[in-house]
Amino acid sequence: MVNLQKNKFYKNNILRISESSINYLKKLIGEKSDVIITTHYNPDGDAIGSSLALYHFLIGHGINVKVLIPNELPSFLQWMPGADQLVIYSENPSLGDALISCADIIFCMDYNTLGRVKLFADQLRAANGTRIIIDHHIQPENEFDLTFSETCVSSTSELLYQILDEAEFSSEITLKMAECFFVGIMTDTGSFSYACNRHETFQIVANLIKTGLDVEKVHKLVYDTYSESRMRLLGHCLSSNMKVLPEYATAYIWLTKEDLENFQYQQGDTEGVVNYALSIQNVAVAALFTERDDRIRVSLRSKGEFNVNEFARAYFNGGGHRNAAGGDVFKSMPDTLNWFESLLPDISHEIHKSLANYKY
Ligand code: 5GP
Ligand code: MN
């Protein structure tokens, strides 16, 4: 099996992908293999955007390709080109298993460890196909055959664009692909408000616009399609279920199963909620705790140098990026919140330092 881990380098400060990896990728495409594209549990805009952009690209090359996602996608992504072709594992596990075992190539988009797909992680581990990761999270696990991993990019979608561009496929980018790339970049940068200080990000967007991309249309389809209950759930979070702890520069929001039922929760309805807690002045760490069947799901955000990826890895069986991470707690909601508060005194100094050094 091939192992091309060292496949990127910097030339004049610009990220480049090594020729050997590009050639390897081109060869795979030329072989007309059976391909599946997978992404993480609770897929977000970047997961679906990068997966569908790659899907349209491979379809254009006459490749037999399917996108396999673990569970249903949020309604604000259902309009995306190709979304009707997704295979949803939770709805059809036997089809999913068959696709995994027959695939020659398995793309792993927007996740850095097979565990993140949750429902078919073991099947991916046992698969015979070549596992290719394209991802922008730190510390990818060593369980892939070919690794395209870079954290300086805004999103997996941006990294995929760059790989296709380096492989001289950029002239093949269609409007459908452009919409997919744009959703990934836009959602992973909070509509170009963070993780987008590289000029390349905007150059890529400019290239996408040249294909006919309507930025305003895509933005509206993703962000101006809230259901009434989603909006009211947000109101409930902010007015009744948010605690601010100024002494620790921390704020958190919690949502019990009862809250979710009362507001007719749909997958994706809590997306972005944690950012409201972080947007309070003098808050440097924010958390959202959501009650699920067997666990409390945790979303963490930070301003500045406080590293929530390390925090999530140490205490929440999770991970992510420096300023955005997630994980799980296997306790009741009250115990989880008490435990979270009990961790704060020890990290208070670090959080305050992060806030003090945060320049804006
Ligand atoms: P979110 O809070 O939006 O669910 O996730 C924030 C970031 O953390 C995302 O980039 C996501 O990929 C990462 N993340 C969320 N949950 C987990 C987890 O359980 N494990 C790991 N390794 N990363 C996670
Ligand atoms: Mn991403």
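Gln139 is found in the loop between β7 and β8, where strands are DSSP runs of E with at least two residues, helices are runs of H or I with at least four, and both are numbered from the N terminus. Phi of Gln139 is near 55°, a positive value in a residue other than glycine. With a relative accessible area of 46%, Gln139 is partly exposed; buried means under 20%, exposed over 50%, and partly exposed in between, with a 1.4 Å probe and protein chains only. This is a predicted model, in which local features need pLDDT of at least 70, side-chain atom pairs count only at pLDDT 80 or more, and totals for chains, interfaces and linings use all residues. Residues are numbered from 1 along each chain as its sequence is written, chains are lettered from A and ligands numbered from 1 in the order in which they are written, and side-chain values use heavy atoms, with hydrogens and water left out.

The loop between β7 and β8 also holds Asn142 and Asp145. Asn142 is exposed, because its relative accessible area is 66%. The C-alpha atoms of Asn142 and Phe181 are separated by 26 Å, and the two residues are 39 apart along the chain. Asp145 is buried, because its relative accessible area is 8%. A polar atom of the Asp145 side chain lies 2.7 Å from the backbone nitrogen of Arg131. Such a polar contact is a pair of N or O atoms within 3.5 Å; within protein, one must be able to donate a hydrogen and the other to accept it, and residues adjacent in sequence count only if both atoms are side-chain atoms.

The metal site comes next. Which residues are the protein donors of the manganese ion (ligand 2)? They are Asp46 (OD), Asp110 (OD), His136 (NE2) and Asp188 (OD), lying 2.2 to 2.4 Å from the ion. Donors are N, O and S atoms within 2.8 Å of the metal, or 3.2 Å for Na, K and Ca; water is not among the atoms, so sites may look incomplete. The spacing of the donor residues in sequence is D-x63-D-x25-H-x51-D. Within this set, His136 and Asp188 link distant parts of the chain, being 52 residues apart. His136 is in the loop between β7 (130-135) and β8 (146-149), while Asp188 is in helix α6 (residues 175-188). His136 counts as buried because its relative accessibility is 4%, and Asp188 counts as buried at 17%.

Asp110, another of the manganese donors, is placed in the loop between β6 (105-109) and α4 (121-126). A relative accessible area of 1% makes Asp110 buried. Phi of Asp110 is near 70°, a positive value in a residue other than glycine.

Ligand 1 is surrounded by 13 residues, and the closest are Arg116, His137, Arg297, Ser299 and Arg301. A residue is near the ligand if one of its heavy atoms lies within 4 Å of it. The side chain of Arg116 has an N or O atom 2.7 Å from an oxygen atom of ligand 1. A polar side-chain atom of Arg301 is 2.9 Å from an oxygen atom of the ligand. From the backbone, a polar atom of Gly319 lies 3.1 Å from a nitrogen atom of ligand 1. On its own, ligand 1 has 500 Å² of accessible area, and the protein covers 81% of this; these areas come from the Shrake-Rupley method with a 1.4 Å probe, and for residues only the protein chains shown count as cover.

At least two residues of the shell around ligand 1 come from each of β12 (296-302), β13 (319-320) and β14 (324-329). The largest share, 4 residues, is from β14. The shell divides into 2 nonpolar, 8 polar and 3 charged residues. In this scheme Ala, Val, Leu, Ile, Met, Phe, Trp, Tyr, Cys and Pro count as nonpolar, Asp, Glu, Lys and Arg as charged, and the others, Gly among them, as polar.

Phe330 lies in the loop between β14 and α13 (333-357). Phe330 counts as exposed because its relative accessibility is 51%. Leaving aside neighbours within four places in sequence, Phe330 is in contact (heavy atoms within 4.5 Å) with Asp294, Arg295 and Asn317.

Helix α5 (residues 156-166) is mostly covered, with 9 of its 11 residues buried. Among them are Thr156, Glu158 and Tyr161. Just after α5, Glu168 takes a positive phi of about 60°.
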